[in-house]
Amino acid sequence: MFPLQDLVVRLHRHPPARSGVSALPPRRFNGPQLLRARRAADVSRRELAAAVGSKSQQIVAGWETEKTFPPGEKLPVIARVLRVDIDVLFPREGPCDLADLRCDAGYAQYAAAEEVGISKYGLSRAERGERRLDDAWIGPLANLYGVHADELLAAQHRSFGEAVPAPLPTVLPPLTQELRSLVGERFPDGEPSPDTIAAGVNAVAGAEVIRGDQVEALLRGMPADRVFAGAQVARAIAVTGLAAYFGVSELHLDDRAESRVLDDLRYIASRYDVSLAARGGEGGVSPEMVAVLSDLLNRELADPSGP
């Protein structure tokens with residue numbers, strides 16, 4: 001069962017097709033989550049409304065209280081203005097159909113048809129699963145939506161309720177694998193909601209370092225760089241908070257930790273003018289480097305309050 005607001009969004013985004021084909025679910029929309037993301041980005045309601053072409057901030061207030069919902073084609077610009085990956089802010093329940101591809105490209109139906117010089121009525125019928133796109137429209141629409149023609153054709157099959165072979169499974173990022181394992185170990189009786197996990201992490205960290213939608217995206221397998229929009233500082237702080245919450249070392253969660261450790265070792269070797277690697281192809285750390293690290297460790301143990 002889906003929450004009522006999710007059902008409303010589905011009907012709002014995909015009205016029932018007259019052909020009787022059941023519509024695929026669109027992106028999920030969560031008003032309170034949008035509110036948190038807007039505040040985190042320090043964007044006012046008026047600024048967000050202006051970005052989607054409205055003069056009234058009340059339209060945003062309506063979204064955040066889930067009294068109304070934004071058109072699907074407005075979701076990309078909302079995510080862009082709030083500097084959040086669209087798949088984090090508005091996660092999708094299933095693969096794309098034709099209407100989903102159009103909305104993800106940021107086009108209203110009439111605008112997409114006008115842009116490539118095709119019939120809006122024909123595009124509408126194809127999206128409703130009533131009549132297929134003309135062959136001559138496939139290439140221009142694929143270019144407009146930024147996808148390959150095969151992806152457009154697969155989306156058309158879905159609009160008509162036809163089965164499309166599932167893509168080959170992809171290898172989950174190390175962070176996702178470890179995070180799923182930690183969640184399973186800590187909550188053997190049932191996984192809590194992403195918001196609950198985020199609240200726990202933030203309580204341990206003493207500040208808001210991660211949001212529920214970001215936790216959900218990480219658990220779904222989205223790369224951390226996308227989840228944190230390329231902001232490496234935000235990523236590092238969130239990983240530190242997650243590690244503290246689950247009681248593990250950051251090395252368990254940060255797939256870049258090993259490279260950072262190597263960078264630190266190189267810095268120390270350069271500062272003390274010693275070789276990092278052993279000579280003669282033996283592998284491992286040089287004896288000189290081991291001596292430096294031992295000395296630094298002894299100093300730290302002797303004076304843990306030092307720099």
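## Charges over rings

A charge is taken to sit over a ring if NZ of Lys or CZ of Arg is within 6 Å of the ring centre and within 35 degrees of the ring normal. In this predicted model, local features need pLDDT of at least 70 and side-chain atom pairs count only at pLDDT 80 or more, whereas totals for chains, interfaces and linings use all residues. Residues are numbered from 1 along each chain as its sequence is written, and side-chain values use heavy atoms, with hydrogens and water left out.

Arg186 lies over the face of Tyr245, 3.9 Å from the ring centre, and the charged end of Arg132 sits over the ring of Phe160, at 4.4 Å from its centre.

## Aromatic pairs

Three aromatic pairs are found in a search of the whole structure, where rings of Phe, Tyr and Trp (its six-membered ring) pair if their centres lie within 6.5 Å, with planes under 30 degrees apart counted as stacked, over 60 as edge-to-face and the rest as tilted. The rings of Phe29 and Phe69 are edge-to-face, because their centres are 5.6 Å apart and their planes stand at 85°. Both Phe29 and Phe69 are buried (under 20% relative accessible area, with exposed over 50% and partly exposed in between, using a 1.4 Å probe and protein chains only). The rings of Tyr245 and Phe246 have centres 4.9 Å apart and planes at 75°, so this pair is also edge-to-face; Tyr245 and Phe246 are both buried.

Ring pairs also join Phe29, Phe69 and Phe90 into a cluster.

## The chain as a whole

Of the 307 residues in the protein chain, 41% are buried.
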